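Please open the structure in your viewer and keep the selection panel at hand.

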Amino acid sequence: MAVTAPPGFTPELWEIFERDGIIFLEDALAPEEITHYTEALDRITAVDSKFDPNETFGRENVVELDAALAELIDHPRHVGYAYDLFGEQLKLHISQFFIRPPGMTKRNLWHPDGARAVPYGVFSPRLPMQIKIGYWLTDLPETSMGNLVVLPGSHRHQYVDEYDTHELIPGELIVKVKAGTITIMNSSIWHRVEPNTSSTIRKNIFFAYCPAWITAADRILSDPTWLQSLTREQRIIMRSYEHGYSHAKPPASEFPLFLDRDTGTATDDGVYREDVQLHRRKRRTKAEEWIEA
Ligand SMILES: O=C(O)CCC(=O)C(=O)O
Ligand SMILES: [Fe+2]
């Protein structure tokens, strides 16, 4: 049986998210949860021959690498925010983590995530086509700690002069967070990464989500045996379809992904004649409601 959609944006958080392109949820993780996820990263790096403790290290499709990370696919502490945007066609776009030690030299230049030649914003100037959830596992109280840097409000801009540089931009926000903070960002926001001249190893996890019909970033198909270890909702959100058009038209068995948070129902009221099948029905998202309000 389908489960009810976990909580997502409050109207206040939605307003900030639309204005700035990023929101911060402080103390979203308890100390033991920070340890739990940090240990998963440590287990993965311990057995990776490419891991160099002195350089930036990242892995993708990390959900397949450790059960503690697979549980994040649909974790109720954040998946509701993604569901508010992408609704019944929610997909995991990428699961990744970064380790950015003191002295690392590989760090991102100013860029938005996603398509470059014809970015998402061309099609969808208001609603994001990707959001990135950040789990911050180390305290980053100062600048120059390998911080993420964002330009608030820049998710609405297609051109930024400092593209492909590390130059400072007036109004940029060097993200200083306490361990246990979750960030939710519109993937169209322009961002870069700070140097790390501190003595702290920055560790964090990113899970990005998109509508199913946008190509995933870190896989084509998931390992079938691994998929069997997941719950129904996790398996659906991975969208491991052999047939391309299934991303636009998922199988009937995958509906509903979630029951409506408020009404507990699988359908919207009064929009179709009764005989229209569930998997062929449009379902309204929270984001749709808010932008019409
Ligand atoms: O590590 C960060 O803070 C940002 C990384 C990034 O921009 C990316 O992976 O696209
Ligand atoms: Fe990025």
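Which residues have the most contacts inside the largest nonpolar core? In this predicted model, they are Phe-9, Ile-73, Ile-184, Ile-205 and Tyr-209, within a core of 52 residues. Select next helix H4, residues 79-86, which gives the most to this core, with six residues. A separate core of 12 residues lies apart from it, and includes Phe-98, Trp-136, Val-150 and Val-175.

Return to Ile-205 and display its surroundings. Beyond its neighbours within four places in sequence, Ile-205 is in contact with residues including Tyr-37, Leu-41, Gln-96, Phe-97, Ile-133 and Tyr-135.

Proceed to the iron ion (ligand 2). Its protein donors are NE2 of His-111, OD of Asp-113 and NE2 of His-191, at 2.0 to 2.1 Å. Along the chain, these donors follow the spacing H-x1-D-x77-H. Both His-111 and Asp-113 are buried.

Now select ligand 1. The residues surrounding ligand 1 include His-111, Asp-113 and His-191, which are also the protein donors of the iron ion. Among the others around ligand 1 are Asn-108, Leu-148, Val-193 and Phe-206.

- Arg-100: a side-chain N or O atom at 2.8 Å.
- His-111: a polar side-chain atom at 3.1 Å.
- Lys-132: a side-chain N or O atom at 3.4 Å.

Taken alone, ligand 1 exposes 300 Å², of which the protein buries 91%.

Finally, colour strands S4 (90-100), S9 (191-193) and S10 (202-211), each of which supplies at least two residues of the shell around ligand 1. The largest share, three residues, comes from S4.

Notes
Residues numbered from 1 in each chain as written. Chains lettered and ligands numbered in written order. Predicted model: local features only at pLDDT ≥ 70, side-chain atom pairs only at ≥ 80, totals over all residues. Heavy atoms only, no water. Donors = N, O, S within 2.8 Å, 3.2 Å for Na, K, Ca; no water. Buried < 20%, exposed > 50% of the residue type's maximum accessible area, 1.4 Å probe, protein only. Core = buried A, V, L, I, M, F, W, Y, C linked by side-chain atoms within 4.5 Å. Helix = DSSP H or I, 4+ residues; strand = E, 2+ residues; numbered from the N terminus. Contact = heavy atoms within 4.5 Å. Near = heavy atom within 4 Å. Polar contact = N/O pair within 3.5 Å; in protein donor to acceptor, adjacent residues only side chain to side chain. Areas by Shrake-Rupley, 256 points an atom, 1.4 Å probe, with all protein chains shown as cover.
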